Amino acid sequence: MPTSRGRCHTYNVTHNTLDIPPWPCDLVASAQPDPRTTRAKIAMTRGMCAVLTLAAEATACSPARHGRRRPVALSRSEQMARIRGRDTQPEVALRRALWAEGRRYRLHAAAPVGRPDIVFPSRRVAVFIDGCQWHGCPSHYVAPRSSVEFWAAKLSENTSRDRRQTLELEALGWTVLRVWEHEVFEKLRAVVERIARVLDGEAPSASYEPRVIRVEPTEPASRDERRTIEDLRDPTRHLIETRPRTTTKWKRPVARKD
Ligand SMILES: [Zn+2]
């Protein structure tokens, strides 16, 4: 497992790093290779953490490579990797709407499992806002064209974490509401009402919550792709669909300024 400690002059940070496409190294705070496997735990500067299986193309980030002071143009997927964080636009919009309804919540409060975006501790209700691209929204997930294996691993990691956290919280008596990013923009009222009903004691209505967990090409030359979609909670409820490949990403609408 190649690893090196060095200063990246492009971003002026020192880290133990592995050069993993497509993340620029300023996002990689440290990399802990596991000598027994081909995996490494990557800590990210934005608080994200990933355990990755390193592909053959992963090479040590050497000062020689990164000392060229060359501005790094970010690909779309790199830009996306940077936008994940607290206080995202959909989070703020949903919180504002809940507050206006008189619903008092706690932000990123401790839940027994995971770090929900909005928590109602006394009702034991946890709300997660899932980004369409990061968490496999069936309507909007677009399989990236570059670093295919890397992004496939990321999707699989995210969706399995979503499932595990949801099931573990529910086993502890919590109610878990997972809201798609696009729902906050497209039907905020309905999202607020859904949360309010649960806070008022109603059982959550969603029973089937599909997520894209895998996208594969059908044949090398084909323009079709095969998508495996599974229920958030129950992987036996799944479907495989073949459809023409798209590269058109969903654009989040511009937020209105009140
Ligand atoms: Zn979506």
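Reply:

Strand β11 (residues 210–217) runs antiparallel to strand β12 (residues 224–231), and seven bridges connect the two. This is a predicted model, in which local features need pLDDT of at least 70 and side-chain atom pairs count only at pLDDT 80 or more, while totals for chains, interfaces and linings use all residues. Residues are numbered from 1 along each chain as its sequence is written. Strands here are DSSP runs of E with at least two residues, helices are runs of H or I with at least four, and both are numbered from the N terminus. Two strands count as paired if DSSP finds at least two bridges between them. In general, the strands of a sheet pair through backbone hydrogen bonds, in either a parallel or an antiparallel way.

The link from β11 to β12 is a hairpin of six residues. Within this pair, R211 stands opposite E230 of β12. On to the next pair: β12 and β13 are also antiparallel, over seven bridges, and there E225 stands opposite R243 of β13.

Taken together, the three strands make an open sheet with the order β11-β12-β13 and antiparallel pairing. Its edge strands are β11 and β13 (238–244), each of which pairs on one side only. From one strand to the next the twist averages 25 degrees, where axes are lines fitted to C-alpha atoms (for helices, over the stretch in contact) and angles run from 0 to 180 degrees between N-to-C directions.

A residue is buried if 20 or more other C-beta atoms lie within 10 Å of its own, exposed if 12 or fewer, and partly exposed in between, with C-beta atoms placed from the backbone.

V127 touches P116, D117, I118, L177, V179 and I195, leaving out residues up to four places away in sequence. Contact means that the C-beta atoms of two residues, placed from the backbone, lie within 7 Å.

Strand β10 (residues 175–180) contains W180. W180 is buried because 22 other C-beta atoms lie within 10 Å. Apart from residues up to four places away in sequence, W180 touches D130, C132 and C137. W180 and V191 are 11 residues apart in sequence, and their C-alpha atoms are 9.5 Å apart.

The expected span is 1.5 Å times one less than the number of residues. The buried residues of α3 are P90, E91, L94 and L98. They lie on the same side of α3 because they cover an arc of only 100 degrees around its axis, taken from the directions from the helix axis to the C-beta atoms. Among the elements covering them are β8 (118–120), β9 (125–130), α5 (181–186) and α6 (188–199). The face turned away from the buried side carries the exposed residues W99 and A100. Just after α3, G102 has a positive phi of about 80 degrees.

Helix α6 has 12 residues and reaches 17 Å from first to last C-alpha, close to the 16 Å expected at 1.5 Å a residue. Just after α6, G201 takes a positive phi of about 105 degrees.

Two residues other than glycine also have a positive phi. One is R124, at about 55 degrees, in the loop between β8 and β9. R124 counts as partly exposed because it has 15 C-beta neighbours inside 10 Å. Another is S147, with phi near 45 degrees, in the loop between β9 and α4 (148–171). S147 has 19 other C-beta atoms within 10 Å and is therefore partly exposed.

Of its 258 residues, 26% are buried.
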